[in-house]
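Please consult the sequence and structure shown here.

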Amino acid sequence: MALLGGYLLVRPVGGGGVLQGADDAAVALPELGSAEPVLASLSLEAPVPAGRALQTELDPLLSVPALGGGVSAQVVDVATGELLLDRDGDDPATPASTAKLLTAVAALTTLGPEETLETTVVAGAGPGEVVLVGGGDPTLSRTAPSQTYPGAATMADLAEQVRAALPAGTEVTRVVVDNSLFSGPLTADGWGPDDAPSSYAAPITAAAVDGARVEPGGLARSGQPGLDAGMALADALGVPGATVALGDAPVGAGALGTVASAPIARLAEQAVSQSDNVLAEALARHVALARDLPATFEGAAEAVTGAVAEAGFDTAGLELADGSGLSLRDRIPVALLADVLVGAATGAPAEISAMLSGLPVAGYDGTLAERGDEDPATAPGAVRAKTGTLLGVHALAGTVVTADGRLLVFAVIADEAPGDRAAAEAALDDVAAALARCGCR
């Protein structure tokens, strides 16, 4: 017997039950069948696919016209590290957003999964002036809770602290935004002229709200993230008419309020799952700061490369111009993508497991929400992978559970695709689905 919501649950042997209320009225509970697995599961005794059979299965799928001639791919058995398929795996290729896997590795190993990013407001140079000091946390939210980033700090919390810290009767008339934590160009070498602002990217500044979106929960990104953050603070303080301008915080100014982001582990998951370019770039710059490098695109690229190497991965052939993969100048061998995925799956190093948990699940969430495996023979969740898309570039890298229950890592980049996005994505999905169905013995 158990108490449930004010009712006494009487459960006879064999299932079912009766809810007995205070008025002695009884409500019969339905019999429940045994629980079925929701996601694909692993088997400790699952056979390893034979490399030759797997290659025979995948070669035609990797050679379809929709992917073009520049296809590189690797498939690795996680438990043994055996390379089951290698197609130009060591050749650097344009990775698109699969580059975020490396940024996540760098952030998790350099900053630590539990670290947070702080945003502070300090007293300004004169009465009525406050300064929002950007801490490089683009997830700071205008709404409570955030409509995009679960666990994000809110401007409402920050404003409440500021009001409590200001002398009684102080009226805020001016909000200054200090973006000095980040430096250098606001867009990266290799970004197109229409990339920032757009629906997927914005100028990278130390102060931003809602991922630099124009509206909370919207798609369009802003061309002035810093000023938007200042106006959001003014609104939260109840002074929407206050002057908002960019500037520097006075040296030694006292703090009026501080809020912290969700942990780096959560931010890395969000950057990977939603393929969030702005968040990925912010994380890369914090890696640069932690490694005593300039918080610029160049500094971030150098820092991520160094951090990935220090984590134990071979960075031969790696060339980065940003932290998001939006730059056409980025080059990553698929062998490196496969290596970091195997590392995340095996816990080597342990900190990067959050990168794996951020992988979109096919047919369920993130950038694979609408790209599910429709074969009922394979369990939901069999494919979890990071997508990558630029003009002429399509990539997919992640994990797959085979029909026998064996965990594999795969990485595919097609950086000479003809331009039919739907056809290229369908071709990559066919590769992943074939792996999920594979017995390949």
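Contact means that heavy atoms lie within 4.5 Å. Helices (H or I, at least four residues) and strands (E, at least two) are DSSP runs, numbered from the N terminus. The model is predicted, so local features need pLDDT of at least 70 and side-chain atom pairs count only at pLDDT 80 or more, while totals for chains, interfaces and linings use all residues. Residues are numbered from 1 along each chain as its sequence is written, and side-chain values use heavy atoms, with hydrogens and water left out.

**Overall composition**

The protein has 10 helices and 16 strands. Of its 441 residues, 51% are buried (under 20% relative accessible area, 1.4 Å probe, protein chains only). Among contacts with a separation of 6 or more, 66% join residues 24 or more positions apart.

**Helix pairs**

Axes are lines fitted to C-alpha atoms, for helices over the stretch in contact, and angles run from 0 to 180 degrees between N-to-C directions.

| Helix pair | Axes come within | Crossing angle |
|---|---|---|
| α1 (residues 51–62) and α10 (residues 421–437) | 9 Å | roughly 165° |
| α2 (residues 100–110) and α6 (residues 277–290) | 9 Å | roughly 40° |

From α1, Leu54, Glu57, Leu58, Leu61 and Leu62 meet Asp430, Val431, Ala434 and Leu435 of α10. The contact between α2 and α6 involves Lys100, Thr103, Ala106, Ala107 and Thr110 on α2, and Asn277, Ala280, Leu283, Ala284, Val287 and Ala290 on α6.

**Aromatic rings**

The whole structure contains 1 aromatic pair. Because the ring centres of Trp191 and Phe297 are 5.4 Å apart and their planes lie at 70°, this pair is edge-to-face. Rings of Phe, Tyr and Trp (its six-membered ring) pair if their centres lie within 6.5 Å; planes under 30 degrees apart count as stacked, over 60 as edge-to-face and the rest as tilted. Trp191 lies in the loop between β10 (174–178) and α4 (225–236), and Phe297 in helix α7 (residues 297–310), so the pair ties together parts that are 106 residues apart in sequence. Both Trp191 and Phe297 are buried.

Arg285 lies over the face of Phe297, at 4.3 Å from the ring centre. Arg285 also lies over the face of Phe182, at 5.4 Å from the ring centre. A charge sits over a ring if NZ of Lys or CZ of Arg is within 6 Å of the ring centre and within 35 degrees of the ring normal.

Key:
Buried < 20%, exposed > 50% of the residue type's maximum accessible area, 1.4 Å probe, protein only.
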